[in-house]
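Good morning. Please look at the model on the screen while I go through a few side-chain pairs.

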Amino acid sequence: MTIESDIAQIKAQEAALHFTSFNEADAWALGSAMRSAAEKQKLPLVIHIEVAGRQMFYTALPGTGPDNASWAKRKVNTVMRFHAASYRVGLQHGPGRDFGPARGIDPIDFAPAGGGFPVTIKNVGVVGCIAVSGIPQRQDHGFVVEALCAHLRQPHKELALPDESH
């Protein structure tokens, strides 16, 4: 497992996980399924789904705090700025790279950390973001990808990042 291979796999996830449309009912169905999965796994997550600057789903599970809501929103901002998963942005522009105030990217508003994933509509492009916060960033990212694979009926095993131990 290398940063380059993770970036390539995340790009494959971004290319595969597209919607044909996305509305309030889709946000509710996806968000509710994500909440149920988090509850079953006893994960302390904030789940935030936003389209065109409009929050369409939000929930906070036990064990989260106000900081998790802030992290989720900062991940949304990162996805919407770069039209890429926030984990990929972090891997590409992480510490010691070109992500920061010099580029007009204030860490108060942006988080290049795993857990934000673009809502992309086929033949349209990125229209929103699904973000979670509460567990380590690679797991945050993996949770969103697994939920999207289930919702979009895509093969999760083929799209998942390898475990960090590999």
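I will take the salt bridges, then one threonine.

This is a predicted model, where local features need pLDDT of at least 70 and side-chain atom pairs count only at pLDDT 80 or more, while totals for chains, interfaces and linings use all residues. Residues are numbered from 1 along each chain as its sequence is written, and side-chain values use heavy atoms, with hydrogens and water left out.

Side chains of opposite charge can pair when their charged atoms come close. A salt bridge here is a side-chain nitrogen of Lys or Arg within 4 Å of a carboxyl oxygen of Asp or Glu. By that rule there are six salt bridges.

One of them joins Arg-138 and Asp-6, at 2.6 Å from N to O. Arg-138 is in helix H5 (residues 137-152) and Asp-6 in helix H1 (residues 3-16), 132 residues apart. Helices (H or I, at least four residues) and strands (E, at least two) are DSSP runs, numbered from the N terminus.

Another is Arg-88 with Glu-14, at 2.9 Å between the closest N and O atoms. This pair links helix H4 (residues 86-93) to helix H1, 74 residues apart.

Then there is Arg-35 with Glu-39, at 3.3 Å. Both are in helix H2 (residues 24-40), and they are separated by about one helical turn because they are four residues apart.

Arg-35 also has a polar contact of 2.4 Å with the side chain of Thr-59; the term means a pair of N or O atoms within 3.5 Å, and within protein one must be able to donate a hydrogen and the other to accept it, with residues adjacent in sequence counting only if both atoms are side-chain atoms. Thr-59 is in strand S2 (residues 54-60).
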